[in-house]
Amino acid sequence: MPIIMRLDRVMADRKISLKELSEKVGVANVNLSKMKTGKISAVRFSTLEAICEALDCQPGDILEYQKDDPAPHSLH
């Protein structure tokens, strides 16, 4: 998937634990953990807003778009 979660990096920069962020954002620890490891397929804007508020960051600090490499063309 070309969207990469960088939540772990921002949390490390801010020196905030998963438990502390979970309490500030009001999202279950397990769900934040899935976000942190990139094992989610969607995120609510309200959750993203709460995370940005808690971490004093922009959505672009947490989400990154990385273009997929196209499959190489065969030369026949």
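Student: Why is Arg-6 called partly exposed?

Tutor: Happy to start there, and keep in mind that this model is predicted. Arg-6 has a relative accessibility of 23%. Buried would need a value under 20% and exposed one over 50%, so Arg-6 falls in between and counts as partly exposed.

Student: What makes Arg-6 and Glu-64 a salt bridge?

Tutor: The cut-off is 4 Å between a side-chain nitrogen of Lys or Arg and a carboxyl oxygen of Asp or Glu. In the pair of Glu-64 and Arg-6, the closest N and O atoms are 2.9 Å apart, so the pair meets the definition.

Student: Which parts of the chain does this pair tie together?

Tutor: Glu-64 belongs to strand 2 (residues 63–65), while Arg-6 sits in the loop between strand 1 (3–5) and helix 1 (7–14).

Student: How do you know which label Glu-64 gets, buried, partly exposed or exposed?

Tutor: Its relative accessibility is 26%.

Student: How many salt bridges does the rule give?

Tutor: The count comes to 2. Besides the pair we discussed, Glu-23 forms a salt bridge with Lys-19, and the closest N and O atoms there are 2.8 Å apart. Both residues lie in helix 2, 4 residues apart, or about one turn of the helix.

Student: Why are Glu-23 and Lys-19 given the label they have?

Tutor: Exposed starts over 50%. Glu-23 has 55% relative accessibility, so it counts as exposed. Lys-19 has a relative accessible area of 54%, so it is exposed too.

Student: What makes Ser-22 buried?

Tutor: Ser-22 is also in helix 2, which spans residues 18–25. Its relative accessibility is 13%, and the limit for buried is under 20%, so Ser-22 counts as buried. Leaving out residues up to four places away in sequence, Ser-22 touches Val-27, Ala-28, Asn-29 and Leu-32.

Student: What share of the chain is buried?

Tutor: Of the 76 residues in the protein chain, 26% are buried.

Student: And what pattern do the helices and strands follow along the sequence?

Tutor: The chain has 5 helices and 2 strands, and reading along the sequence gives β-α-α-α-α-α-β. As for contacts with a separation of 6 or more, 62% of them are between residues 24 or more positions apart.

Key:
Residues numbered from 1 in each chain as written. Predicted model: local features only at pLDDT ≥ 70, side-chain atom pairs only at ≥ 80, totals over all residues. Heavy atoms only, no water. Buried < 20%, exposed > 50% of the residue type's maximum accessible area, 1.4 Å probe, protein only. Contact = heavy atoms within 4.5 Å.
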